[in-house]
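Good morning, everyone, and thank you for making time for this. Please have the sequence and the model open beside you while I talk, and I will go through them one part at a time.

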Amino acid sequence: MGCGSSSIKIKKSAKTIRAALIIQNWYRGYRARLKARQRYALTIFQSIEYADEQGQLQLSNFFSFMLENYVHIQEKDPTLVNRLFGCAPQDDRGRQECVGIIEVPESYSGPRLQFPLNTNSLTIMIEAFKKQQILHAYYVLEILFETKEAMKQMPNFTHIRTCPTKEITICGDLHGKLEDLLLIFSKNGLPSGYNPYVFNGDFVDRGKCSIEILMILFVSFLLYGDDLCLNRGNHEDFLMNMRYGFTKEVLSKYKIHGKKILQVLEEVFAWLPLGTIIDDEILIMHGGISESTDLNLLHHIERNKMKSVLMPPVPVDKDSGTETKKNKGHVPRGVKLSGSPSDYLTKHEWEQVIDILWSDPRGKRGCYPNTCRGGGCYFGPDVTSKFLNKNHLKLLIRSHECKPEGYEICHDGKVITVFSASNYYEEGSNRGAYIKVGFCTTLRFFQYQVTKATCLRPLHQRVNTIESSAIRILKERMVSRKTDLIRSFQLQDRTKSGKISMGQWAFSMENTLGLNLPWRTLSSHLVLTDDDGNIDYMTCFHDIQIQKPVKEAQSALIETLYRYRSDLQIIFNVIDSDHSGLISMEEFHSMWKLFCSHYNLHIGDSQVDELAERMDLNKDGSIDFNEFLKAFYVIHQLDNLNKSNTQLA
Amino acid sequence: MADEKEKESAELAVADLQRKVREAFEVFDHELNNTVDVREIGTIIRSLGCCPNEGELHDLIAEVEEEEPTGYIRFEKFLPVMTNILVEKRYRPIPEEILLQAFEVLDPTKRGFLSKEELIKYMTEEGEPFSQEEMEEMLSAAIGPESNFIHYRDYITMMVIDEN
């Protein structure tokens with residue numbers, strides 16, 4: 001009767017519940033593994049990014065070493081020394097001289113601006129950039145000169161106040177991603193007297209529209225003064241720009257006038273304020289602090305003397321003894337520098353600026369050198385409390401680190417990181433965010449993510465994209481250290497079987513590459529494991545190799561050149577002071593000798609000579625170094641399934 | 001002698017498992033102070049290949065939490081519990097056939113598919129219901145934006161391939 005059918009119903013229901021549970025359980029497991037893979041990929045991106053920055057800062061050592069030993073450069077090319085040490089005889093080429101001679105041709109179809117600028121200028125420019133038009137060099141230079149003059153008047157820290165009628169919007173790193181800036185403006189409105197903004201550094205590098213972002217920010221700054229605060233980031237630095245893409249962007253968009261633009265930009269960057277303070281309570285700076293950060297001192301230093309983080313501080317003269325050589329570089333004795341010591345920051349001042357542009361907050365108490373990046377430090381919650389109390393502040397807002405959710409609060413709510421470049425590493429890697437500060441310093445957080453498609457792709461596709469991207473760059477790193485890795489594996493392979501344990505493999509990888517990554521978990525992507533759980537280590541290199549530009553060149557040499565190609569790019573760029581793209585064979589030889597000696601590389605002279613000879617395609621005694629470096633790239637075997645293997649002559 | 005060797009290799013195996021747990025933990029330890037947010041524990045455990053359901057996860061969290069919950073789980077408490085789970089091979093993942101059978105239970109007339117509405121109903125009303133985010137994500141992978149049906153056999157096959 002009733003009982004019979006209702007018990008069937010109950011049974012059916014129990015069965016349904018069990019089935020639902022199984023599916024839910026399975027899906028949650030699957031989803032969690034996707035999220036974990038996403039995290040691993042981000043860890044890879046971040047580790048490699050910071051390792052690169054470390055390489056960048058170590059370059060400063062090389063420059064000092066180079067000048068110390070390369071006497072010829074000093075004598076023959078005093079401008080090189082000046083470039084590296086930022087000496088003051090800035091050829092104050094008259095603005096008239098620089099811009100006055102440029103004419104905007106009739107045929108130019110990009111935006112035309114009127115001076116003095118007005119709100120119309122901003123909207124015209126933004127509309128043009130949306131259509132991917134390029135602003136003519138004439139306008140760029142005018143804007144840069146105006147900005148420089150206006151910034152010179154600004155103090156090191158801009159003090160602003162909230163009021164009941166308007167909120168202040170704080171944005172973090174943009175890194176040349178114009179779509180993110182435009183998305184922020186569409187959600188939050190354009191800057192104006194009623195809609196103040198603070199942009200916390202790193203406007204350029206990596207993305208493709210750095211110059212456009214600068215133009216928008218500088219024009220807004222010229223229009224709205226204190227309602228548009230710009231803080232300097234560690235990427236507002238011409239030597240960083242050489243490695244991370246901004247220099248390249250400018251030179252390719254502005255073929256004739258690019259050089260001039262870069263030269264004026266150097267100065268504008270140096271004049272950017274160091275930070276912003278809201279209501280005397282909230283301090284906004286790009287990186288962070290150290291235990292020795294002295295806000296008073298920072299208020300008073302001559303900030304424009306900090307041209308680049310790679311430029312060492314004040315020279316030590318012959319009589320006052322040697323300075324100990326630290327990672328931050330030193331000026332060698334015997335280098336004749338024009339300009340008086342007062343043209344430079346003191347070592348102490350220089351370190352103070354590095355700290356605020358490069359440091360990162362961490363959970364561990366105390367203050368430690370920032371070994372990942374090679375500059376600034378890691379500061380703990382105790383350092384934050386002490387600093388905030390001492391300076392009667394309540395909150396530190398900083399940027400500098402990519403966060404999956406666009407922002408992150410730490411140190412008991414006393415430090416907030418805000419990062420505004422969504423999809424920073426790869427499509428789908430992270431969201432961007434901005435913060436709105438209201439009257440009485442109330443905070444609201446907003447997040448977003450730029451997408452090309454109209455709707456988000458499914459999670460597993462997005463994860464696959466970032467994962468394969470991350471594994472790809474990790475493999476490139478591995479192949480660039482192939483010789484060292486093989487040596488390390490072989491040392492552990494007592495029986496010469498070609499196999500080592502997982503633990504041994506992980507140890508070698510971590511120590512040779514200097515990357516703290518979850519190697520055991522990543523091993524399935526990188527190497528083959530046999531049934532006993534042992535690693536066949538040579539399979540690390542199976543599906544990736546460095547293209548040899550010249551057949552006879554030995555692998556070790558190719559590998560070295562590939563590994564150091566970013567550093568070499570910068571060194572060449574610095575030597576090539578007229579931006580011609582060419583350096584002489586002589587310069588190449590001497591520089592290469594020094595490089596090997598400093599970085600302890602054992603590459604025979606004759607090998608390099610031969611290589612250089614081959615690269616001198618015109619046989620005119622000069623090397624086009626961009627061509628030279630382009631020749632060293634990595635082939636991923638899987639790519640070749642689609643295209644044919646092209647060999648360079 | 002054989003016993004000793006066995007013991008040694010067992011110890012090595014455990015040490016290896018422990019390092020694996022440490023690696024998975026560290027990736028989520030954002031502040032590098034040997035703690036993770038309690039909300040990420042589920043992800044960590046599942047990323048190590050285990051499949052506790054929500055109830056079991058709840059109990060595990062209680063095991064590794066501090067007496068006065070701080071919202072953070074410390075590594076020292078997590079490691080022994082997690083290592084044990086791995087050594088004892090608890091919370092094994094669900095075999096493909098069982099998963100298929102579960103879908104078939106929800107599709108008693110054996111059409112070979114479920115409608116979007118049906119799937120939503122079961123997943124958000126029965127068992128340990130999905131949150132809106134979980135439901136949306138599952139749908140985005142299972143069907144296109146225009147479609148209304150989930151052909152579960154194909155879906156399962158696709159997910160399994162992706163995992164491997």
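Let me begin with a definition: helices (H or I, at least four residues) and strands (E, at least two) are DSSP runs, numbered from the N terminus. What you see is a predicted model, in which local features need pLDDT of at least 70 and side-chain atom pairs count only at pLDDT 80 or more, while totals for chains, interfaces and linings use all residues. Residues are numbered from 1 along each chain as its sequence is written, chains are lettered from A and ligands numbered from 1 in the order in which they are written, and side-chain values use heavy atoms, with hydrogens and water left out.

With that in place, T442(A) sits in the loop between β13 (432–437) and β14 (443–448) of chain A. T442(A) counts as partly exposed because its relative accessibility is 45%, where buried means under 20% relative accessible area, exposed over 50%, and partly exposed in between, using a 1.4 Å probe and protein chains only. Not counting residues up to four places away in sequence, T442(A) touches K436(A) and V437(A), contact meaning heavy atoms within 4.5 Å. T442(A) and E167(A) are 275 residues apart in sequence, and their C-alpha atoms are 9.3 Å apart in space.

Now to the domains, whose bounds come from an automatic or database domain assignment. Chain A is divided into domain 1 (110–314 + 343–448), domain 2 (481–541) and domain 3 (552–647), and the C-alpha centres of domain 1 and domain 2 of chain A lie 41 Å apart. For chain B the assignment gives domain 1 (1–88) and domain 2 (96–159), with C-alpha centres 31 Å apart.

Which residues touch the most other members in the largest nonpolar core? A nonpolar core, in the sense used here, is a set of buried Ala, Val, Leu, Ile, Met, Phe, Trp, Tyr and Cys residues joined through side-chain atoms within 4.5 Å. The largest one has 62 residues, and those touching the most other members are L474(A), F489(A), W505(A), W519(A), L526(A), F78(B) and M82(B). Helix α1 (residues 2–69) of chain A gives the most to this core, namely eight residues. A second, separate core of 56 residues includes L117(A), I126(A), L182(A) and M215(A).

Staying with L526(A), its contacts beyond four places in sequence include I471(A), L474(A), K475(A) and W505(A). K475(A) itself is found in helix α15 (residues 459–480) of chain A, and it counts as buried because its relative accessibility is 12%. Leaving aside neighbours within four places in sequence, K475(A) is in contact with H525(A), L526(A), D543(A) and I544(A).

How many residues of each chain are in contact with the other? There are 43 residues of chain A in contact with 46 residues of chain B. Together the two chains bury about 4300 Å², 61% of it on carbon and sulfur atoms, where buried area is the accessible area (1.4 Å probe) that two parts lose on being put together, summed over both. W26(A), R28(A) and R520(A) supply 18% of the area that chain A buries against chain B, more than any other three residues.

Turning to chain B, helix α4 (residues 75–87) has 13 residues and reaches 18 Å from its first C-alpha to its last, close to the 18 Å expected at 1.5 Å a residue, the expected span being 1.5 Å times one less than the number of residues. Among the buried residues of α4(B) are F75(B), F78(B), M82(B) and L86(B). Just after α4(B), K89(B) takes a positive phi of about 50 degrees.

Y91(B), in the loop between α4 and α5 (96–106) of chain B, has a positive phi near 55 degrees although it is a residue other than glycine. Is Y91(B) buried or exposed? Y91(B) is buried, because its relative accessible area is 18%. K110(B), in the loop between α5 and β3 (114–115) of chain B, likewise has a positive phi near 55 degrees, but K110(B) is exposed, with a relative accessible area of 54%.
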